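I opened a new page in my notebook today. Here is what I looked up, entry by entry.

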Amino acid sequence: MGLFGFFSKKKQQETFDKGLEKTKTSVFDKLARAVAGKSKVDDDVLDDLEEVLITSDVGVDTTLKIIRRIEERVARDKYVSTSELNGILREEITALLAENEHPEDELDDTPKDHPYVILVVGVNGVGKTTTIGKLAWMFKQAGK
């Protein structure tokens, strides 16, 4: 069972998805405001996108990777409109996450006598502390 194996039940998954909705909405609302009134992806749009990602706690290294990928894609496709930017951003973030997915990160592979770290990330007010408490309770119930 992986880290999110606790969320395998439908109700728990829906609760988890609902909790992430505020973060997702916040990031994409900021993105929509950053590109409002612009017709194509240019340096100004990419600068605004970079600011949105960094202020959304994505992290500098990850933000720079995402921006670089989008720049490469814009250069390759020659003309990319701002209306396509949400889709491109989602694709690039998904690809970046897939590249960093490691099956050895499964919690069941971690010996019980060794500590491990769970990183919880999200913008202010989205329920990180509450989620950490719920995860701790679930891990305790599972004997971890």
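Predicted model: local features only at pLDDT ≥ 70, side-chain atom pairs only at ≥ 80, totals over all residues.

**Entry 1: salt bridges**

I started with the charged pairs. How many salt bridges does the structure hold? I found five. I then looked up some of them one by one.

Arginine 68 pairs with glutamate 72, at 3.6 Å from N to O. Both sit in helix α3, four residues apart, which is about one turn of the helix. I checked how open the two ends are. Arginine 68 is partly exposed at 42% relative accessibility. Glutamate 72 is partly exposed too, at 45%.

Next I took glutamate 99 and arginine 69. Their closest N and O atoms are 2.5 Å apart. Is arginine 69 buried or exposed? I noted it as buried, because its relative accessible area is 14% and the cut-off for buried is under 20%.

I also listed what arginine 69 touches. Beyond residues up to four places away in sequence, I wrote down Glu92, Ala95, Leu96 and Glu99.

Then came arginine 73 and glutamate 92, which meet at 3.1 Å, N to O. Arginine 73 is buried at 15%. Glutamate 92 is buried at 11%.

Which residues are linked in a network of salt bridges? I wrote down Arg69, Arg73, Glu91, Glu92 and Glu99.

**Entry 2: surface patches**

A negative patch is formed by Asp42, Asp43, Asp44, Asp47, Glu51 and Glu71. Which helix gives the most to this patch? I found helix α2, residues 43-55, with four residues. Glutamate 71 belongs to helix α3, residues 60-77. Its relative accessibility is 38%, so I marked glutamate 71 as partly exposed.

I also found a nonpolar surface patch of Ile54, Val60 and Leu64. Together they have about 240 Å² of accessible area. Valine 60 lies in helix α3. I marked valine 60 as partly exposed, at 49%.

**Entry 3: a loop residue**

Last, I looked up valine 126. Where is it found? I placed valine 126 in the loop between α4 (85-99) and α5 (128-141). Valine 126 counts as buried, at 16%.

Valine 126 and threonine 23 are 103 residues apart in sequence, yet 6.4 Å apart from C-alpha to C-alpha. Leaving out neighbours within four places in sequence, I noted that valine 126 contacts Gly19, Lys22 and Thr23.

Note on methods: Residues numbered from 1 in each chain as written. Heavy atoms only, no water. Patch = residues over 30% accessible without salt bridge, like charges linked within 9 Å, V, L, I, M, F, W, Y side chains within 5 Å. Areas by Shrake-Rupley, 256 points an atom, 1.4 Å probe, with all protein chains shown as cover. Salt bridge = Lys/Arg side-chain N within 4 Å of Asp/Glu carboxyl O. Lys, Arg positive; Asp, Glu negative; His and termini not counted. Charge placed at Lys NZ, Arg CZ, Asp CG, Glu CD. Helix = DSSP H or I, 4+ residues; strand = E, 2+ residues; numbered from the N terminus. Buried < 20%, exposed > 50% of the residue type's maximum accessible area, 1.4 Å probe, protein only. Contact = heavy atoms within 4.5 Å.
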